[in-house]
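Subject: Structure handover

Hi,

Here is the structure for you to open alongside this note. My findings follow below it.

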Amino acid sequence: MRSRTEGSLQGQRLVVVGGRSGIARGLTEAALGQGAEVVLAGRAGAAASLPQGASWIDVDLREEETIATLVSEAGTVDHWVVSASAPANGPLADQPADGIRAALDAKVVGPLLLAKHAVASTREGGSMLLFSGVVGWRPSPGLTVMATANAAVAALVAALAVEVAPMRVNAISPGIVDSGAWDRLGAEKEAFLRRTAQQLPVGRVGEVENIVSAALLALTNPFLTGSTLHVDGGGRWRP
């Protein structure tokens, strides 16, 4: 086993699947800043605007063959991060079967298949990090599919941590974070974030850096596995 410094990714190799902006980009830049080597992975054609120093491999979490290819091309890896998602928002009656399956593929089935292939090429002391979300613990009408997919991640990491040990497996469950994901609200964004902040015990919404620091902890703490870290500002308990 190579020498590791707890709290640091210096000299380690990460593969980040499913995200090039927001939280995933923040984590990528933090890892690069610590001296890690980072490979980003996602669907073909999505490799534009990579952070300087990162490389790219195509993968589709719906297709096991491409997952196996990713693992083969990535070589020996210290940490696997899956930040992929496939939103399926709106009334359940309006959700097509393909959309439901896509949401579960991104959060559950894809990570399962990645773990299946990746465990053999993960260095001793390495880990896998998944992303859940506060909706898994605080569902609301119109979010049944996403609540189910995110809640399933917690069960998945607990089971995988036992199945693939000593490889560690953890998850981060963010709350409402101003990561760019809410830009789709346009002029309503600021009002939405302000209302949310007023409802949270901490009195503010999250920032990318808050989630990145938790992710770095999960990746570098050798005594942490099978856990979901809730970084939600108390969002599970808001009125």
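Which residue in β5 does Trp 80 stand opposite? That residue is Met 128. Please keep in mind that this is a predicted model.

First, the strands. β4 and β5 pair in the parallel sense, over 5 bridges. β5 is mostly covered, with 7 of its 10 residues buried.

Next, the cores. The largest nonpolar core has 33 residues. Trp 80 and Met 128 are among those with the most contacts inside it, as are Val 15, Val 17, Leu 70, Leu 114 and Leu 130. Elements giving two or more residues to this core include β1 (13–17), β2 (37–42), α2 (64–74), β4 (77–82) and β5 (122–131). α3 gives the most, with 6 residues.

Beyond its neighbours within four places in sequence, Val 15 contacts Val 39, Ala 41, Leu 70, Ala 74, Val 77, His 79, Trp 80 and Val 81. There is also a second, separate core of 26 residues. Leu 27, Ala 31, Leu 40 and Phe 131 are included in that one.

Last, the helices. The axes of α3 (residues 97–118) and α4 (residues 144–163) come within 9 Å and cross at roughly 10°. Angles under 35 degrees count as roughly parallel, so α3 is roughly parallel to α4. From α3, the contact residues include Ile 100, Leu 104, Lys 107 and Val 108. From α4, they include Val 145, Met 146, Asn 150 and Leu 156. By class, this contact has 14 nonpolar, 1 polar and 1 charged residues.

Best wishes

Conventions. Residues are numbered from 1 along each chain as its sequence is written. This is a predicted model: local features need pLDDT of at least 70, side-chain atom pairs count only at pLDDT 80 or more; totals for chains, interfaces and linings use all residues. Side-chain values use heavy atoms; hydrogens and water are left out. Axes are lines fitted to C-alpha atoms, for helices over the stretch in contact, and angles run from 0 to 180 degrees between N-to-C directions. Helices (H or I, at least four residues) and strands (E, at least two) are DSSP runs, numbered from the N terminus. Angles under 35 degrees count as roughly parallel, over 145 as roughly antiparallel, 65 to 115 as roughly perpendicular and the rest as oblique. Contact means heavy atoms within 4.5 Å. Ala, Val, Leu, Ile, Met, Phe, Trp, Tyr, Cys and Pro count as nonpolar, Asp, Glu, Lys and Arg as charged, and the others, Gly among them, as polar. A nonpolar core is a set of buried Ala, Val, Leu, Ile, Met, Phe, Trp, Tyr and Cys residues joined through side-chain atoms within 4.5 Å. Buried means under 20% relative accessible area, exposed over 50%, partly exposed in between (1.4 Å probe, protein chains only). Two strands pair if DSSP finds at least two bridges between them.
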